[in-house]
Amino acid sequence: EAGVTQFPSHSVIEKGQTVTLRCDPISGHDNLYWYRRVMGKEIKFLLHFVKESKQDESGMPNNRFLAERTGGTYSTLKVQPAELEDSGVYFCASSQEPGQGTHYNSPLHFGNGTRLTVT
Amino acid sequence: KQEVTQIPAALSVPEGENLVLNCSFTDSAIYNLQWFRQDPGKGLTSLLLIQSSQREQTSGRLNASLDKSSGRSTLYIAASQPGDSATYLCAVRSNFGNEKLTFGTGTRLTIIP
């Protein structure tokens, strides 16, 4: 089974530019999550999709960040315009929902992340 | 608000020794706790997941325990090897309304050959 894949692995952009990160979850996983780790801090939740719907976007830092998951397959996270404090590693994860009321106990499978550097 | 702490931030031990990594969390209302390892420049690899009703999980040389009432988990690594060198992260999934994981800052483990 292919794991969670993220593209690109690295991105260096200038302040004010736009960057779009992509995540392909494990096939069949309805739940898709975005997390990020900024320098020296712990990994923090950004948002959660169930299929194509945003279940929880309470971790999105501001309206410069836009996540989409059209068709309930891959997801994109766009940062526009990028700021210096957006630098960090952006992780995507997916999980399977084995059945009603049990999906909170599924392990999350993470991708290798996208390292974003804003200069 | 859930907070997860991992101490120490870094640990170095000689090859072959057994070791314990610690994780504590402030709110015991959790669904589960998951241990990950992260190698430099890589993603997170899931090691063990302990459900809130379980006390421990084992996989090979790894054993994770959970004491939910005291808000503590340990990851025990037996007969450490240089390949175990990585950053180890614990994350809890709280049961107050959403599915997000709350991570600790990790313990960077170095096994000295």
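# Notebook: salt bridges, cores and a chain contact

I began with a search of the whole structure, which finds eight salt bridges over all chains. For the record, a salt bridge here is a side-chain nitrogen of Lys or Arg within 4 Å of a carboxyl oxygen of Asp or Glu. The model is predicted, so local features need pLDDT of at least 70 and side-chain atom pairs count only at pLDDT 80 or more, while totals for chains, interfaces and linings use all residues. Residues are numbered from 1 along each chain as its sequence is written, chains are lettered from A and ligands numbered from 1 in the order in which they are written, and side-chain values use heavy atoms, with hydrogens and water left out.

**Entry 1: Glu83(A) and Lys15(A)**

I looked up this pair and found a salt bridge with an N to O distance of 4.0 Å. Glu83(A) sits in the loop between β8 (75-79) and β9 (88-95) of chain A, and Lys15(A) in the loop between β2 (10-13) and β3 (19-24) of chain A, so the pair ties together parts that are 68 residues apart in sequence. My strands and helices are DSSP runs numbered from the N terminus (helices H or I, at least four residues; strands E, at least two). For accessibility I use relative accessible area: buried is under 20%, exposed is over 50%, and partly exposed is in between (1.4 Å probe, protein chains only). Glu83(A) comes out partly exposed at 21%, and Lys15(A) exposed at 52%.

Which residues are linked with Arg64(A) in a network of salt bridges? I find Glu85(A) and Asp86(A) there. The closest N and O atoms of Glu85(A) and Arg64(A) are 4.0 Å apart. That pair links distant parts of the chain: Glu85(A) is in the loop between β8 and β9 of chain A, and Arg64(A), 21 residues apart from it, is in the loop between β6 and β7 (65-68) of chain A. Glu85(A) is exposed at 54% relative accessibility, whereas Arg64(A) is buried at 13%.

I then listed what Arg64(A) touches, not counting residues up to four places away in sequence: Lys78(A), Val79(A), Gln80(A), Pro81(A), Ala82(A), Glu83(A), Glu85(A) and Asp86(A). Contact means heavy atoms within 4.5 Å.

Glu57(A) forms a salt bridge with Lys54(A), with the closest N and O atoms 3.9 Å apart. I noted both as partly exposed, Glu57(A) at 43% relative accessibility and Lys54(A) at 37%.

Asp56(A) belongs to strand β6 (residues 53-56) of chain A. The side chain of Asp56(A) does make a polar contact of 2.7 Å with that of Ser58(A).

**Entry 2: the chain A and chain B contact**

I count 20 residues from chain A and 21 residues from chain B in the contact. About 1,800 Å² is buried between the chains, with carbon and sulfur atoms giving 53%; buried area is the accessible area (1.4 Å probe) that two parts lose on being put together, summed over both. There are zero salt bridges between chain B and chain A, but five residue pairs are in polar contact across the interface (both at pLDDT 80 or more). On the chain B side, β4, β5, β9 and β10 (101-103) each give two or more residues. The largest share of that side, five residues, comes from β4(B).

**Entry 3: nonpolar cores**

The largest nonpolar core has 23 residues, of which Leu33(B), Trp35(B), Leu75(B) and Tyr88(B) touch the most other members. A nonpolar core is a set of buried Ala, Val, Leu, Ile, Met, Phe, Trp, Tyr and Cys residues joined through side-chain atoms within 4.5 Å. Another core lies apart from it, with 21 residues, among them Val4(A), Leu21(A), Met60(A) and Phe65(A).

Definitions and conventions:
A polar contact is a pair of N or O atoms within 3.5 Å; within protein, one must be able to donate a hydrogen and the other to accept it, and residues adjacent in sequence count only if both atoms are side-chain atoms.
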